[in-house]
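The chains are shown below.

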Amino acid sequence: MKVTGARELPIKPERAWELLQDPAVLSKAIPGCQSLVRIGENQYELKLKMLLASLSGDFLGKVTLTDHEAPTKFRMIVEGSGKIGFLKGEGVLTLSSILQGTEVAYDGEAQIGGKMASVGQRLVDTTAKLMIKRFFKKLVKQGFGQDPDVEDEEETDDV
Amino acid sequence: MATTTTPTTTKTEKYVGQRLRRREDPRFITGTATYVEDIKLPGAYYAGMVRSPHGAAKIRSIDVSKALARPGVIAVYTGQDTKNVGGVICGADLPGLRKPHHYILAVDRVYFPGHPVAVVVATDKYIAADAADDIEVDYEVTQAVTHPEKALAPGAPAVHPEWPDNTAFVFHQVGGDPDKAFAEAEVIVKQRITSQRLVANPMETRGVVADWRAADRTLHIHTSTQIPHLARTLLSIMLGLEENRVHLVAPMVGGGFGCKLNVYAEEAIVAFVSMKLNKPVKWIETRRENFMTTIQGRGHVDYYELAAKKDGTVTGIKLKLIQDLGAYHQLLTPAIPTLSVLMMPGLYNVRNIKAEVVGVFTNCVPTDAYRGAGRPEATHGIERMMDILAAELKMDPAELRRKNFVGKDQFPFATATGLNYDSGDYAATLDKAMQISDYAGLRKQQVEARKQGRLMGIGLSTYGEICAMGPSPATPAGGWESATVRIEPSGKVTVLTGISPHGQGEETTFAQIAADELGVHVDDITVIHGDTAIVQYGIGTFGSRGTAVGGTAVYIALQDLKDKITRWGAMFLNSEDVHFAGGVVTDNKTGQTVALGTIAAAAYRAMKLPPGMDPGLMATKFFEPSNFTYPFGAHIVVSEIDPATGQIEIRRYVAVDDIGNILNPLIVDGQLHGGVAQGLGQALWENAVYDDNGQLITGEFMDYAMPKASTMPWIESAHTCTPSPVNPLGVKGVGEAGTIGSTPAMVNSVVDALSHLGVRHIDMPLTPEKIWKLVSTHAGSQAA
Amino acid sequence: MTRSITVTINGITQTHEVEPRLLLIHFLRETLSLTGSHVGCETSICGTCTVEVNGKAIKSCSMFAVQANGANILTVEGLAEAGGKLHAVQEAFWNEHGLQCGFCTPGMLMITKQIIERNPDPTDTEIREGLDGNLCRCTGYQHIVNAVRSAAKVMRA
Amino acid sequence: MIPNSFEYSAPASLSEALGLIAAGGKPLGGGMSLIPMMKLRLAAPEHLVDIGRLTELSYIRESAEGIHIGAGCTHFAVESSALLMGKCPLIAETANYIGDIQVRNMGTIGGSVAHADPAADYPAALQALEATIVLKSAKKERKVSAAKFFIDTFTTALKEDEIVSEIIVPLEAGLTGTSYQKFLQPASGFAIVGVAARARREGGKISLIRVGVTGLSGNSFRATKVEAALLGSAGTDAEVTAAAAHATDGADASSDLHASAEYRAHLARIYTARAISAALSRTA
């Protein structure tokens, strides 16, 4: 499935690039990431616990950053497999400077397989979009030195 | 001589032809029918399969240690343990056919998603499920290929590395002089027509209970199958057992539709486990497993060409048929598309045909017989092409068909594909369907509707089919059928049939036949099937053969028996001038009678025997049909499309079917309705979709749309009757008719609704989105 | 860890120890050997497992046995009267040939009873919508619709 | 087919339940979303707290504030409630579109709302009704508007220790007309799109218009641009169609096997128009 889109980040492109290359930052930005351990040049072993409402699954896989054209373009590959199936997301991220900070455009493919694929078709698209949203949100928070795991106290209380 | 017995009820009214409610139903409506999953054997273990999540991968290693450590787990076996068990058997053959060895558990590679790689055995199914999750398989994933045309493209991944072109066979058939027909054609129309993969989806999935009794060296198997005897033969070969030491039972079977006309790896795996452990073992397929690992139907990409004269006379048909076989051959896989070729001309007198069938391996579960098996695809092809030709010639599609029909005085009719159509009056069914639907009135309505901007379609199919499978030379495992009729000492009657009904109602229809022939009450007849230890060898239920072949076997066994009864009666009445009717033998001169019950008692008591007669009253007959039968019909679908959404509404469904004589109209209606539902399912909703990475993405009822009560139209059903000369019952078979006739009628209706916009063809399923896109892109291009 | 549950099934009250994860359908089929209700899928679509819990038709594959603690359950085995007299819905399915392979039938009977109890004179459209939680692969539903209509008529009388 | 093992509690009271949930238990309502996921082992909660049995959560009653629907009410209870049919028919009509009889007999409004499936039916109605969702934890109770409750795919304002305890829908004056229109996914019966509309006309002009959309994207939403376009208009077919074109403004339409993003968006516009027209036809 195609995954394309763009997000505006309120940080400068150099900073965004830095954050996107930093495994410590990535480990806190990738939704559900339990650990990210370097296994080679720009390659990390990924332990993921995906949690989405009642759905949960542990995945073991890797994150690869490649085809760097610093500081504007690189390819990110996230793959993992577990009991509920396997997933792979691969895409090129292009950073450009805009008035508000940085625009990160992404263009890639997401695949799922195994049990998730045969029962969760209708949710792949919305879930992928949700994960991307969460990823950038957590990335930006780190750019501002905030704890990405602390949820915003959104004004949801009407009383 | 003993003459005092309980008199058997006699009856003169005919049962055949009556809408008799089914005699087998009480067990189903009270929840007491026994299906495989209902069989509980003391001490039985439960097996669970570990399956590949990948379409194509090498197996690097399998770690079973965690599963074995789990309390309640008895054993785990992998492909290394079972590799000496015989492979899954393909019964079909074609010249040059490539047959991959189909291990019952994958050994070093997996070839389709769901491919079993290990079996866990536990004390109950909950533990088996836990243990299956414990098993770690390390795969090296390779690129899968799931579409047959992509598999044929140069550089495509090889499903079986030994055959890089992914081609299992190429089959040619030519009749007449097609090249000349096309060279001389005044009109040629061409179309690529696909027939998507479908999942048979009987409501009962597959299941096996195997019980190896070491002391008796006998394997007892209950399995959900349409072919108990063939399954026993094939399993005994796979397991290396003597056939007479395998006792196989098809208990109540919750639907088959062709997908249980097979012998699967799991049946052998479960038997293997039982033999290893000396314990009964049960395995019940989940729906998810059923989607992934039970054979699927259809899977065609067809390239059609029709040659015709300007007056509409069709002179030639060319077909290139690309069959998606899946990763292996199941029992009949490669034979199915050859049935499509036989069916190519449909009901039309076309003398020149040319077909090329390419069987292609893909990383999908094998295709095989699914309701209609090859014939729905062919019928869809020719019926679509007739509409395309009609549009090209600006002829009414009904007129074009009528012009090309084989005439009713041309039977028996030898087709260009080598068949010999038995009997028919094709124009009569079309006339009747047109009359019931008020075809002329509908066409007027359509003109009005178009003026209002509404999209109304009238679609018809005049279909034919090849049924009553079939003469043995044309059927891979033999096409005869067997029956034993036994009159018990009490005069009650037991019928043992070699077919294996699983919803078709032969416990009723065969009792109707027997009751009429013997002149006894239908409740005096018991029909038994499915148990290889009780019933003589038989072939099974598929290919619309149950009544036409199996029923005929019963009928001829009854004739044999009637002869014996008459001879007994003659002895009793001390007369040679006697006849048997209405349950009694009557002396034609004196009018004296002797009842069947009296004769039966005497036949077993055997104080005195008629000359040359053995004791007992039983006959076993094997019926070998001389030909297939060829039912046909005309279906008309009136549809209306919501131009804003592409949603299709079926306004009317008219089906006129000629299936020869009808034994029980109630049961026949039910068969037709069910067939139509499956045919509409293909036309409108059902689709087994594999993505390019080898994943089946419509793997549950959540995404694979089945016909539902609210989506099915009311079916207006009627008949014409041209009895088949092939069997003495004059029946043709009804199991597949509805499925074959309905699909093209539905598609033709929707294409017709859009034809004024220039739409000529739409591939199935006709999803609202597809229709909406066509309406949006063709809007404003209104032709007429 | 098992839990003790007490249920009344087809009029008989009984207590059993069950694992919390035991599905009601397996409790009925395996523990109680009431094998009339079937399993046809795992996604709550097919309805072959339909039984009544406290007068409501539910899919017993999508309920844990522990959730039924204290409940009154009716399965297909409890439809006919003790003397064997069939329920109107059973008779109707038999008369109208509302079944072929019979696998979906127990669920169909239970939902039919519910449809008619809630709407004694349903239209064909209401019948069809009422049946949408139950799949049948054999009949094309037409004879089932006839059966529901005919059972409703008998039950109204 | 077989779920993983878990611990099960059947608390006797809501406060006991909230205590167990605060300690990490996962609430189980009717189970219509959760149990199928557990059977496929896509979900494996360790501790289920059965709140489906609590009569405390099963009520439909009227107050000055609106109609209070206890979270434990089944969809059947909602669709067949005389009170709702009389004074808030939109929610009853919407409930009738959910799943099938068996699912409606078992599934609860609280469970469905908390689950926040992007294709669920209720959210469209709750958005159009400007309903209030009452959330309860062992510590406190708070109220959140539907607009703020539904955040994204399976993501809501619920905190880990909270449950949905009640839905409050408005008492509709007799002048209001409502309608829910749904385009069904043919296999699962989920909404490909579902649109709920609520309208009032006074002096020939639309004086109130609310439109809730579900299925189109990752979360339900109120189509405020459509509302703004129609407010004060006469609500002619042409006006409705023109306004409905804004139903997809700003929405990131989802795509799946059953409907591409383009088609889904198109359906959302068509169904928005249909829902509004139907609602208008029901205004006094």
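Arg15(A) is partly exposed, at 31% relative accessible area. Glu18(A) is also partly exposed, at 47%. The model is predicted. In it, these two side chains form a salt bridge, with 2.9 Å from N to O. Both residues sit in helix α1 (residues 13-21) of chain A. They are three residues apart, about one turn of the helix. Over all chains, the salt bridges number 83.

Side chains of opposite charge can pair when their charged atoms come close.

| Pair | N to O distance |
|---|---|
| Arg15(A) and Glu18(A) | 2.9 Å |
| Arg27(B) and Glu507(B) | 2.6 Å |
| Asp311(B) and Lys403(B) | 3.8 Å |

Two of the pairs lie in chain B. Take Arg27(B), whose salt-bridge partner is Glu507(B). Arg27(B) belongs to helix α1 (residues 25-29) of chain B and Glu507(B) to helix α15 (residues 506-518) of chain B, so the bridge ties together parts 480 residues apart in sequence. Is Glu507(B) buried or exposed? Glu507(B) counts as buried, at 11% relative accessibility. Arg27(B) is partly exposed, with 25%.

Asp311(B) pairs with Lys403(B). Asp311(B) lies in the loop between β15 (300-308) and β16 (314-326) of chain B, while Lys403(B) lies in helix α12 (residues 397-404) of chain B, so this pair links parts 92 residues apart in sequence. Asp311(B) is partly exposed at 38% relative accessibility. Lys403(B) is partly exposed at 41%.

Salt bridges also link up through shared partners. One network of this kind joins Arg70(B), Asp130(B), Asp133(B), Asp134(B), Glu19(C), Arg21(C) and Arg41(D).

Now the sheet. Four strands of chain B form an open sheet, in the order β23-β22-β21-β27, with mixed pairing. Why is one side of β23 and of β27 left without a neighbour in the sheet? Strands β23 (525-528) and β27 (618-623) of chain B stand at the edges with a single partner strand each, so one side of each has no neighbour in the sheet. On average, neighbouring strands of this sheet are turned by 15 degrees against each other, direction ignored.

Strands β21 (residues 481-487) and β22 (residues 493-497) of chain B run antiparallel and are joined by five bridges. Ile487(B) stands opposite Val493(B) in β22(B).

A helix packs on this sheet: α16 (residues 546-573) of chain B. Helix α16 of chain B touches β21, β22 and β27 of chain B. The direction of α16 makes about 140 degrees with that of β27(B).

Key. Residues numbered from 1 in each chain as written. Chains lettered and ligands numbered in written order. Predicted model: local features only at pLDDT ≥ 70, side-chain atom pairs only at ≥ 80, totals over all residues. Heavy atoms only, no water. Salt bridge = Lys/Arg side-chain N within 4 Å of Asp/Glu carboxyl O. Helix = DSSP H or I, 4+ residues; strand = E, 2+ residues; numbered from the N terminus. Buried < 20%, exposed > 50% of the residue type's maximum accessible area, 1.4 Å probe, protein only. Pairing = 2+ DSSP bridges. Axes fitted to C-alpha atoms, helices over the stretch in contact; angles between N-to-C directions. Contact = heavy atoms within 4.5 Å.
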